[in-house]
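Hello,

Here is the structure I promised to pass on to you. Please have it open while you read, and my notes will follow just below.

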Amino acid sequence: MDVRKNSPESRLSDPDRLRQLHQQYQTTALVLQGGGALGAYQAGVYEALDEVGILPNWVAGISIGALNAAIIAGNAPEHRVARLTEFWHTICRPPLWPAWATAPLDPGAWELPWQNGLSGLAALRALVEGQPGFFSPRPFPLTPWRASPASASWYDTSPLKSTLERLVDFDRINHKGALRVSVGAVNIRTGNFVYFDNTQGPLRVEHFMASGALPPGFPAIEVDGEFYWDGGMVSNTPLYKVLSDPSCRDSLIFQVDLWSSRGELPCDLAEVTSRAKDIQYSSRTRLITEYMGQRQRQQRILHDLMALVPEDQRHQSAYRQAQLHASGALVNLFHLIYRNKPYEGHYKDYEFSFDSMRQHWSSGLDDLRCTFAEPDWFELPSGEHPFVTHDVHCED
């Protein structure tokens, strides 16, 4: 996909300096939230990372973020953008008949209603026809004899399994020393949130599909005798996984969110539904970010206090217990947050039109390019301020 032609010129002032600053961090994590069709924004963010040669060594995802994580981790770095492009082209094709033409070049007052109408039609088509390479409608989803968790859904996701098996090299994902991958899902029987992680065992296509199995649209996915649903039902961001991991050291984290906490006051029921979705899926992200920031600062204070304890007192039990909770890690967190388009409705997460996908992708690419235009942001945080966050939209 030639997204670059539709994007403004990069404002990078010194890519070499960015790469030099990047080398100060032991962990570079890409944290990918769930959000369905909005996930093309994450692909644009990854393309911007690829442009400057800043590649993650850990990618964590939930729902559509887990699917993007599979494409990224399951391909060699030089092929990842091409594979992401192929994935999004595959699942955004018109299902049964060609899409309607886009709005005229200068439609004037008709532009927004036209775009809104086309977007709504594309979402309706996804509901009725499914999306090629992703999901297809079940002919009789309400028949009483469908007594299996793997078939109790409106749609069949076996096309997604075929797509992932074609585009993802799972041997690469599970190779020792490979890019670390973590994807979140919910155990239906226990209700517990779990992470599938390639440092703890091999990951298969089912692990990634389980992370995106949002009911009742998509069926539960069986993994080693247990059934799982979409991790976004409990937490829509894997940031907690990255920051609470014992291996987390000085970290540069790109948190890519698909739901904006900011928005206009709704004036009709459709806008109420859309705004409610944004708040529902963004609020936990804000809560976890604030909590982890406070936790990181407390761990740093404990780390610095422990350095003041005399050597001959460090054998004490209290000191050994404190070692388990202290951390000297420094965290630089970048928020990349998708901003709603004026024409979008409450169906934006299942509106898979090619035009919308291109706009989402371009938005992610542009947002991270603008972030890279501020190289000072990439400086390693100080011990006094061990947890720093940046959001390019807050600087507008």
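This is a predicted model: local features need pLDDT of at least 70, side-chain atom pairs count only at pLDDT 80 or more; totals for chains, interfaces and linings use all residues.

Residues are numbered from 1 along each chain as its sequence is written, and side-chain values use heavy atoms, with hydrogens and water left out.

**Cavity and pocket**

Both are found on a 1 Å grid over the protein atoms alone: a cavity is a set of points where a 1.4 Å probe fits but cannot get out, and a pocket is an open set with protein on both sides within 12 Å along at least five of seven lines. Lining residues have an atom within 4 Å of a point. Grid points are joined across faces, edges and corners, and a volume is the space filled by probe spheres set on the points.

Among the residues that line the cavity are L67, M209, F218 and I221.

The largest pocket holds about 970 Å³ of space. Its lining has 38 residues, and S260, R262, G263, R275 and N340 lie nearest the centre. By class, this lining has nine nonpolar, 14 polar and 15 charged residues. Helix α10 gives the most to it, with 11 residues. Helices (H or I, at least four residues) and strands (E, at least two) are DSSP runs, numbered from the N terminus.

**The annotated pair**

The UniProt annotation "active site", from an unreviewed entry, covers S63 and D230.

S63 is in the loop between β2 and α3, and D230 is in strand β8. Are these two buried or exposed? S63 counts as buried at 12% relative accessibility, and D230 counts as buried at 2%. Buried means under 20% relative accessible area, exposed over 50%, and partly exposed in between (1.4 Å probe, protein chains only). Leaving aside neighbours within four places in sequence, S63 is in contact (heavy atoms within 4.5 Å) with G34, S211, G212 and D230.

**Backbone details**

Most residues other than glycine have a negative phi, and most peptide bonds are trans. S63 has a positive phi of about 60°, and D224 has one of about 50°. D224 is exposed, with a relative accessible area of 63%. The peptide bond from P215 to P216 is cis, with omega near -5°.

**Two helices**

Helix α12 has 19 residues, and 14 of them are buried, so the helix is largely enclosed by the rest of the structure. W88, in helix α4, counts as buried at 0% relative accessibility. W88 and M357 are 269 residues apart in sequence and 7.7 Å apart in space, C-alpha to C-alpha.

Enjoy exploring!

Note on methods
The expected span of a helix is 1.5 Å times one less than its number of residues. UniProt positions are given in the numbering used here, feature names are shortened, and annotations may be inferred rather than shown by experiment. Ala, Val, Leu, Ile, Met, Phe, Trp, Tyr, Cys and Pro count as nonpolar, Asp, Glu, Lys and Arg as charged, and the others, Gly among them, as polar.
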